Amino acid sequence: MFNEMTMDDQVREPYRALVDWMEANGPEVLEQKRLEAETLFRKIGITFAVYGEGGDPERLIPFDLIPRIFTASEWRKLDRGVKQRARALNTFLYDVYHNAEIIKAGIIPADLVFKNDAFEPAVIGIDPPRKVYSHIVGVDIVRTGPEDFYVLEDNCRTPSGVSYMLENREIMMRMFPELFKNLRIEPVESYPDMLLKTLKSIAPPKCDREPNIVVLTPGAMNSAYYEHSFLADQMGVELVEGQDLFVSDDRVYMRTTRGPARVDVIYRRIDDAYIDPLCFRPDSVLGVPGLMNVYRSGGVAICSAPGAGVADDKAVYTYVPDMIRFYLGQEPILNNVPTWKCGKPDDMKYVLEHLGELVVKEVHGSGGYGMLVGPASTKAEQAAYAERIKADPGDFIAQPTLALSACPTFVESGIAPRHVDFRPFCLVGDDIRLTPGGLTRVALREGSLVVNSSQGGGVKDTWIMSD
Amino acid sequence: MLSRTADNLFWLSRYVERAENMARLMEMGYRMALMPAVGNGNRSEWESVLSASGCHAGYDPDAPLRQEEVANFLIFNRDNPSSIINCFEYARANARAMRTAITAEMWEALNNALMELRRPSMHNLAKNELPEFIDWVKKQGSLFRGATDSTILRNDGYDFIRLGTFIERADNTARLLDVKYYVLLPETSMVGDGVDNYQWTTVLRAASSLRAFHWVYRDDYSPHRIAHFLILNPFSPRSLAHCAEQITQHLERLARHYGQRHDVHGQAVEMYSLLTQSAMDEIFSNGLHEFLNDFQARNGALSNAIAEAYYFGGQ
C-alpha cells in the first residue's frame, strides 16, 4: 500500500515541512488545533445531511487536520489528465445528442447510450451555449503508487464538495499560518470567481446584456444545501428555489420585491427529473413549469445541461479512454480502473467467481450505496449479491480492489494511515479551468475503502505545492 | 431581492418579536396573579393572558387555567403556532432557508436560542422560575436585534426585518393593554383604586417601560397617563405611535429605494395619523377596547398590504 507521507521509511519530499512542524510542536499542540478547528466548523455551520439514517439533518462532516499534499509535477499530470477528460466527456455529450458519430463508428454500443436512463431524448438536437453540457466535472481519482493514478468515476451532474475544498482551506490557514507563510501552497480561493466567469460565458443566445445568474436549490432540507448557499454567497448571486422562478413569454423570471426579474443562467443543483414538471416528472414541485421550452428556444442556459448524466454513467465510464482517442486523437493521460461489465457473459462469469476480491457496483448508483466490497464481505453477503447480479447483469460492473493510497489521519488512537481519494473540480465554458486543489476524502474506519461522507468518510485539505 | 427572501426576513423578525411578546404577556399575568383577588375573588389573570395572546381557541377547554398549564401551553406546546418554542423553530427555519441574506451573528443568535430552548432543563426553569425564564426569552430577543443592528447591511432586507419587528410589536402592545381590559372588572368603583393602579403599573412593567415612564411622568400612575405612554407617546419604544412611525419610515425607505409606491404607503400614513391626531380622553370615552380592536385590525391589514405590495405570496 502506498503511503502518501512516507516511502521506504523516508518522509516524502512534499510532506517534509509539515512533518518538521509536527515534530517541533508535538502532539498536544496538534490536538489543540484539532479542537479549535472543530469549534470553527460548528460555528460556521458546515453540515452534510445523511439520507436514510434519520439522524440530525445538520450533521457535521468530519474534518481531518492533516493535509494531503501533491508536488507540482504530480499536479501537472493530474491537471492535464482531468482537463483532457472534461473535454472528451463534453464532446461525447454533444455527439450523442446530435450525430452520434461514436456509435456509428462502433466504438460505443447504441443501447448503452440510447437506452440509458440518463439519456434525455428531450434534448436531442438542442445546441447548448458553447456546446457545453457538463460545466463542472468532478473527477474522482485514486492513487496506488508514486506514479499510479486511476480515475474511479466522473461526475458530470454538478458534483458537490467544492465548498469543503474552500472552507477546509480557510480553516487550515487559520490553524497553520506559519506553514502557509513559509511554503508555497497554490491558493484555491479563486474558484468562485472562476465559476462565475464560466457561468457568464454560457449566457444563452437571447441574452443581450450582462447575464443574470442564479443558483437553483431544492431547498434547506437538501443534504448539500450548505454548499448551495455558500456558492451563491461567494459568487454574489441569488439562491433561488423552484417556487421563486416562473416562465412567461418564453423567458424565465424570478419573483422579486420589485416585480419580475429576468434570469439568464441557472446553475441548478436539482436533478434533470425535477427541473420541469411539464417535461419530466409531473409530480415535481422543485422545478419550474415550462423551463425546458425556454431552454430549447435559447432563452435560458442551464448548468449542467439536461441530459449530461449519460456521460457519468458507470457503464459509459468504461468507454471514456476510447472517447479520448476517438474525439481528441490522444492517449488518455489518466487511466481508468480495469472494469468488468456484468452485462457481458464472460465478464459476469469472472465476477461471480471472484466476488471475494472485487468491488461490485450498481451502474446507476452513487454515494457508495448498494456496493459490495469483496474482501470486506461475508460469504452470505456475497451469495446474496450474486443473486442480484444474476437477476440484472447489465446493472452491475466490477473492479479489482485497489490498494488505495493512505494518508496519515487523526483517529481515536492517535495518528494512523487511512485510505483517501481525490476530487478536483474542472470548469468548462469559454475555457477549461481547473483550480489547483480539490477535495480529498478519507475513509475514517480502519481498513475501509469507502470514502463517501454518507458512509462515515471525512475530508482533508489538499495542498498543491508550486515550483 | 427575492420576494421569498423578503417574506422570510419579515416573518423571521416577527417570530422573534412574538416569542418575546409571549414572554411579556406571561410576565404580566404572573405579576397580576400575585395581587389579592379583586372584587368577588374571581382569579382570571391566566385566562386573560390566554385571551390576549390570541391562542385561547387552541387551549384545551378542560385544562385548568392556572399558571403552570397556561405557561406550558404558551411556551412549549407544539400545536400552538405562537408558542415560544414554535416561534424560535420557525424563525430559525426561515433563517436557514436564506442563510445568505442574514449575517453569521444573526444566525448564531437564533441558533443558540433554539438549541438552549430545546434542552429539557428549560422546562424546569419555566415551571419553577417563570420570571427567570421570561428574562431569558427577552434576552434572546435583545441578542438577535443587537446582532441585526450591528451587522446587517442597511439595504431593503433591513427594512423588511424592521417592518416585521414593528408590526408585531404594535400588535403586542395593543394586546398587553387589552389584557388589562379583560382583567379589570367593569365596575366603575374599581377604576382608580389601589388594585387597579397596581394592574396598570404591571402593564408598564411587562412593556419594560416602568422606568422610562418615571422619567416622563414622574409618579403619576393614572390609567390615563399609562395608556398615553403606551399608545400615543412617540418617545416610548413600544408605543403604538412609535411603531407606526417606524413602519412608515421603513416603507418610505423602500419606496425611495425601489422608486415604487403602493397602496400600503397610504395605509401606513393613515394609521400613523390616527395616532398622532388622537387624544387620550377621546379614546377612553369611545372605549379603549374598541380603539385597540380597531388598531389591531388596521395593523393586520397593513401586514397583508406589505405582503401584497412586495409579492410575498408570489405574483
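Me: In which sense do strand β6 (residues 213–216) of chain A and β7(A) pair?
Reply: Strands of a sheet pair through backbone hydrogen bonds, either parallel or antiparallel. In this predicted model, local features need pLDDT of at least 70, side-chain atom pairs count only at pLDDT 80 or more, and totals for chains, interfaces and linings use all residues. Residues are numbered from 1 along each chain as its sequence is written, while chains are lettered from A and ligands numbered from 1 in the order in which they are written. Strands are DSSP runs of E with at least two residues; helices are runs of H or I with at least four; both are numbered from the N terminus. Strands pair if DSSP finds at least two bridges between them. Here β6(A) and β7(A) pair in the parallel sense, over three bridges. One bridge partner set is A:Val214 with A:Glu238 in β7(A).

Me: What is the strand order of the open sheet that holds β7 and β6 of chain A?
Reply: Read across: β7-β6-β11-β12, four strands of chain A with parallel pairing. β7 (238–240) and β12 (301–303) of chain A are the edges; each has a single partner strand, so one side of each lacks a neighbour in the sheet. From one strand to the next, the twist averages 30°. Angles run from 0 to 180 degrees between N-to-C directions, and axes are lines fitted to C-alpha atoms, for helices over the stretch in contact.

Me: Which strands of the sheet does helix α8 (residues 225–235) of chain A touch?
Reply: α8(A) packs on the sheet and touches β6 and β7 of chain A. Its direction makes about 150° with that of β7(A). Contact means that the C-beta atoms of two residues, placed from the backbone, lie within 7 Å.

Me: How many residues of α8(A) are buried?
Reply: A residue is buried if 20 or more other C-beta atoms lie within 10 Å of its own, exposed if 12 or fewer, and partly exposed in between, with C-beta atoms placed from the backbone. For α8(A) it is nine of eleven residues. Among them are A:Tyr226, A:Phe230 and A:Met235. The buried residues pack against α5 (162–175), α7 (191–201), β6 and β7 of chain A. After α8(A) comes A:Gly236, with a positive phi near 70°.

Me: Why does A:Ser163 count as buried?
Reply: A:Ser163 has 22 other C-beta atoms within 10 Å, so it is buried. A:Ser163 sits in helix α5 of chain A. Leaving aside neighbours within four places in sequence, A:Ser163 is in contact with A:Tyr226, A:Glu227, A:Phe230 and A:Leu231.

Me: Which strands of chain A stand at the edges of the antiparallel sheet?
Reply: First the order: β14-β17-β15-β16, an open sheet of four strands in chain A with antiparallel pairing. The edges are β14 (340–341) and β16 (372–373), each with a single partner strand, so one side of each has no neighbour in the sheet. Strand β15 (residues 358–362) joins strand β17 (residues 396–400) through five bridges. A:Leu358 has A:Pro400 as its bridge partner in β17(A).

Me: How many residues lie in the hairpin that joins β4(A) to β5(A)?
Reply: Two residues link them. Strand β4 (residues 136–145) and strand β5 (residues 148–155) of chain A run antiparallel, with seven bridges. A:Gly145 stands opposite A:Asp148. β5(A) also pairs in the parallel sense with strand β13 (residues 335–336) of chain A, over two bridges.

Me: Now chain B. How many helices and strands does it have?
Reply: Chain B has 15 helices and zero strands. Its radius of gyration, taken over C-alpha atoms, is 19 Å, close to the 20 Å that the globule rule gives for 315 residues, so chain B is as compact as a globular protein of that length. The globule rule is 2.2 Å times the number of residues to the power 0.38. Of the 315 residues, 45% count as buried.

Me: At what angle do the axes of α4 and α5 of chain B cross?
Reply: Two packed helices are described by the angle between their axes and the distance between the axes. Helix α4 (residues 84–96) and helix α5 (residues 104–117) of chain B cross at roughly 145°, and their axes come within 9 Å. Residues that meet include B:Phe88 and B:Arg92 in α4(B), and B:Trp107 and B:Leu114 in α5(B). The contact divides into nine nonpolar, one polar and two charged residues. Ala, Val, Leu, Ile, Met, Phe, Trp, Tyr, Cys and Pro count as nonpolar; Asp, Glu, Lys and Arg as charged; the others, Gly among them, as polar.

Me: How many residues does each chain give to the contact?
Reply: Chain B gives 16 and chain A gives 17. On the chain B side, helix α1 (residues 3–33) supplies the largest share, three residues. By class, that side has seven nonpolar, five polar and four charged residues.
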